[in-house]
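Hello,

Here is the structure for you to look at. My notes on the packing inside follow below.

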Amino acid sequence: MGANVVLVGGSGNIGAAILTALLASPEFNTTILTRTSSTAAFPSSATLKVIKSDYSPSSLNIAFQGQDAIICALGLAGAGEQIKLIDAAVAAGVKRFIPAEYGVNTIHKTVLPLFSGAMDVKMNVLEHLKKQEGKGLSWTGIATGPFFDWGLYNNVYGLNINTHAAMLLDGGNRPLSVTTLAQTANAILAVLSKPAETANQYLYVHSFTVTQKQILGVIESEEGKKWEVQEVSSGELIRDGKALLSKGDFAGALKLLHVCFLGEGFGSDFTRDVKGGVANEVLGLPKEEMDEEVRKLVAGRVE
């Protein structure tokens with residue numbers, strides 16, 4: 001595919017990882033699209049250009065001229081802006097759009113209903129992309145499960161590294177697919193390098209598939225001490241999470257994410273729950289090991 005790529009949302013966790021990978025590759029000339037009001041700083045590079053935009057159609061059209069692909073790394077709060085970006089991409093003749101999917105298995109039938117509308121924007125974006133297929137714009141959705149390294153720091157797995165307390169969901173033995181930030185970036189660049197094989201598809205990737213208890217076991221082994229363990233059920237978290245979310249308290253969303261990633265029936269084990277499994281081999285992704293990633297975290301060296 002062409003070498004001109006726009007990254008939208010380059011200053012967040014996943015955006016920074018994608019930017020690092022783009023700048024390390026000789027295949028891409030990278031443009032960061034950022035809002036006019038943004039104060040984010042980016043590395044100095046001969047292959048990096050920063051464009052500020054007010055997200056108006058005319059501003060986006062100018063930004064996207066001559067570009068081959070757009071990678072979106074916006075968070076959920078800004079996910080709805082992708083509709084504008086997609087329309088501008090079509091108008092400018094962009095060839096590929098990678099939406100801000102990642103995370104949960106959006107297209108699994110049980111996932112979006114769990115959040116009572118709070119995440120419907122993700123499906124709206126995918127549906128809008130499908131409507132553009134006959135207009136010259138192709139797309140690739142990439143589901144990663146939670147970002148493994150970031151998730152360990154932020155209690156996504158019910159494992160609090162600050163308090164050494166574990167919340168095991170339904171026994172803690174349910175496998176889930178997880179992907180490091182670096183591997184997610186690898187997958188995105190691989191998609192751009194294999195346009196024919198990845199066009200108009202929803203792909204699944206992972207670094208490995210693991211259980212809560214397996215992660216906890218490695219952490220305890222590395223630290224040389226046992227954690228405090230609390231057992232909870234999916235039903236409890238769904239009840240509490242929905243109650244909080246109905247009051248506008250987004251702490252409820254974290255509880256529901258725990259269920260979505262760690263519970264049964266939400267398509268979170270990509271090796272078992274999705275047709276065709278992971279696309280790691282097709283994309284040529286490197287292998288990663290859970291034990292090594294946990295050791296880096298415990299040693300304070302997560303990269």
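Phe148 and Phe208 are both buried, where buried means under 20% relative accessible area, exposed over 50% and partly exposed in between, with a 1.4 Å probe and protein chains only. This is a predicted model, in which local features need pLDDT of at least 70 and side-chain atom pairs count only at pLDDT 80 or more, while totals for chains, interfaces and linings use all residues. Residues are numbered from 1 along each chain as its sequence is written, and side-chain values use heavy atoms, without hydrogens and water.

How do the rings of Phe148 and Phe208 pair? They are edge-to-face, at 4.9 Å centre to centre and 80 degrees between the planes. Rings of Phe, Tyr and Trp (its six-membered ring) pair if their centres lie within 6.5 Å; planes under 30 degrees apart are stacked, over 60 edge-to-face and the rest tilted. Phe148, Tyr157 and Phe208 form one aromatic cluster.

Tyr202 and Tyr204 have ring centres 5.3 Å apart and planes at 70 degrees, so this pair is edge-to-face. Tyr202 is buried at 14% relative accessible area, and Tyr204 is buried at 9%. The count of aromatic pairs is five.

Regards
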